[in-house]
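Okay, thanks for coming, everyone. I've got one structure to walk through today, so let me put it up.

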Amino acid sequence: MKKLRVGHVGGRSVYPRLFNAHPRTETVAVCDINPAALENMRATLGLSKSQCFLDYDEFLRKADLDVVVIATPIPFHAEQAIKAMENGAHVLSEVTAANRIEDCERLVRTVKKTGVKYMLAENMCYFHFIREWTKIVHEGRLGRIYYAEGEYIHQVRDLIRDPVTGELKWRAYRPPIHYISHSLGPLLMMLDDRVVKATGAGKERYTMPDLETVGAIDMQVALFKTEKGATIKILRSQVVAREPPFHYFVLYGSKGCIENTGFRLGEEWGVMYVEDEDKAVRRIECPISNPEAPEEVKKLGHGTSEYYLVRDFVEAIVNDKKPPIDVVKGVDMTIPGIIAHEAAMKGEVWLDVPHFE
Ligand SMILES: NC(=O)c1ccc[n+]([C@@H]2O[C@H](COP(=O)([O-])OP(=O)(O)OC[C@H]3O[C@@H](n4cnc5c(N)ncnc54)[C@H](O)[C@@H]3O)[C@@H](O)[C@H]2O)c1
């Protein structure tokens with residue numbers, strides 16, 4: 001059976017090796033505006049020079065691609081995804097989907113118009129413990145979920161401003177709460193819900209006081225109301241003086257509660273309390289990899305997360321199914337962060353959150 005031809009844009013992506021490991025796909029072209037990053041990808045993947053492109057339009061025109069995987073900085077995601085889809089390619093896009101509401105709407109419209117598959121590569125939704133928790137929530141064991149929290153705290157000051165040259169990078173212009181899908185995505189998936197109203201707070205810059213861009217905001221917090229009536233709180237920082245980085249989640253339901261205790265590699269456990277099952281706090285394992293997955297795929301991404309993500313995306317293409325994080329869900333995981341930042345800048349007001357389908 002003919003393999004799907006996959007092209008990758010953005011040189012730090014984990015995805016080329018994963019698509020090469022999948023029996024139905026192969027990496028046939030790469031693109032990066034930086035010649036050194038391009039050469040590094042070429043050498044690592046064993047590609048020829050004719051399979052490498054500095055220019056994105058030429059890459060789309062000449063490489064005859066069935067699939068484009070986008071792993072460039074966020075401000076390029078929407079434009080590159082739309083061009084690829086209009087060129088007939090299916091798209092897997094790194095997070096978040098876009099950094100402007102109008103681009104989110106254009107993404108949804110383009111998928112409708114072209115009929116190709118678009119999936120947001122929200123790998124946190126595929127972390128093994130999140131997939132296990134999703135089953136617990138969907139089985140109703142925690143009852144009706146009425147409140148949830150997510151936190152993603154990760155100090156990346158060197159990716160905001162180059163420590164040697166002082167040059168500002170794209171993350172200098174990204175409000176921390178814009179990068180919300182790692183926290184909000186898994187919660188919306190578990191709740192099978194979407195955000196309808198948002199507020200946000202946080203505009204102080206005490207950690208990097210000499211930097212005036214929004215990327216230097218110390219900490220932002222968003223509060224959301226969902227369509228089904230739940231409340232969600234998300235906390236986010238990219239500069240805070242705290243190590244190590246972590247993802248935290250908690251869900252409260254009418255029958256029980258589940259929480260990971262400051263999840264980070266090496267501390268892979270959480271706690272669950274289900275009142276009518278055992279009336280005891282139960283320790284639950286949160287391994288980063290599914291123990292049942294083949295050994296060789298466990299080192300290709302964040303545990304087995306990207307392995308299952310790629311598997312689902314390829315299956316959606318091959319069987320003409322809706323991808324699990326399709327464009328509608330992908331922008332639903334993106335827009336609330338954009339609105340929460342706007343709400344914070346307007347003085348912590350509540351704003352409606354648009355939904356496109
Ligand atoms: N899912 C995850 O766990 C995870 C982790 C890190 C980064 N990301 C996402 O991956 C993406 C890339 O992040 P990064 O830290 O690798 O960014 P980066 O700034 O290192 O850029 C990645 C590459 O893209 C190239 N590039 C920049 N603009 C380009 C363009 N217009 N066309 C082609 N190539 C271009 C750069 O030269 C670089 O080699 C972002 O969307 C980020 O949010 C996701």
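Predicted model: local features only at pLDDT ≥ 70, side-chain atom pairs only at ≥ 80, totals over all residues.

Numbering runs from 1 along each chain as its sequence is written.

So, overall. The protein has 11 helices and 15 strands; those are DSSP runs, helices being H or I with at least four residues and strands E with at least two, numbered from the N terminus. The C-alpha atoms fill a box of roughly 60 × 50 × 40 Å along the principal axes. With 357 residues, a compact globule would come out near 21 Å in radius of gyration, and the protein has 20 Å, which agrees. That radius is taken over C-alpha atoms, and the globule rule is 2.2 Å times the number of residues to the power 0.38.

On to the sheet of six strands. It's open, with parallel pairing, and the order is β3-β2-β1-β4-β5-β6. Pairing here means DSSP finds at least two bridges between two strands. β3 (52-53) and β6 (118-120) are at the edges with a single partner strand each, so one side of each has no neighbour in the sheet. β2, residues 25-31, pairs with β3 in the parallel sense over two bridges, and Val30 sits opposite Cys52 in β3. Lying across β2 and β3 is helix α2, residues 35-45, at about 155° to β2. For "across", think contacts: C-beta atoms, placed from the backbone, within 7 Å. Axes are lines fitted to C-alpha atoms, for helices over the stretch in contact, with angles from 0 to 180 degrees between N-to-C directions.

Next, a helix pair. How do α4 and α5 cross? The axes of α4 (74-86) and α5 (101-114) come within 10 Å and cross at roughly 10°. They are therefore roughly parallel to each other, a label for angles under 35 degrees. The contact residues include Ile82 and Met85 in α4, and Leu107 and Val111 in α5. By class, that contact has six nonpolar, two polar and three charged residues. Nonpolar means Ala, Val, Leu, Ile, Met, Phe, Trp, Tyr, Cys and Pro; charged is Asp, Glu, Lys and Arg; the others, Gly among them, are polar.

Now the sheet of nine strands. This one is open too, but with mixed pairing, in the order β14-β13-β12-β11-β7-β10-β9-β8-β15. Its edge strands, β14 (281-285) and β15 (351-352), each pair on one side only. Look at β7, residues 145-153. With β10 (231-237), β7 runs parallel over seven bridges, and Glu149 has Lys233 as its bridge partner there. With β11, β7 is antiparallel over eight bridges, and Tyr152 stands opposite His247. Helix α6 (128-138) lies across β7, β11, β12 and β13, at about 175° to β12.

Last, the ligand. It has 19 residues around it, the closest being Gly10, Gly11, Arg12, Asn34 and Ala37; the cut-off is a C-beta atom, placed from the backbone, within 6 Å. The shell splits into 11 nonpolar, five polar and three charged residues.

Conventions. Contact = placed C-beta atoms within 7 Å. Parallel < 35°, antiparallel > 145°, perpendicular 65-115°, else oblique.
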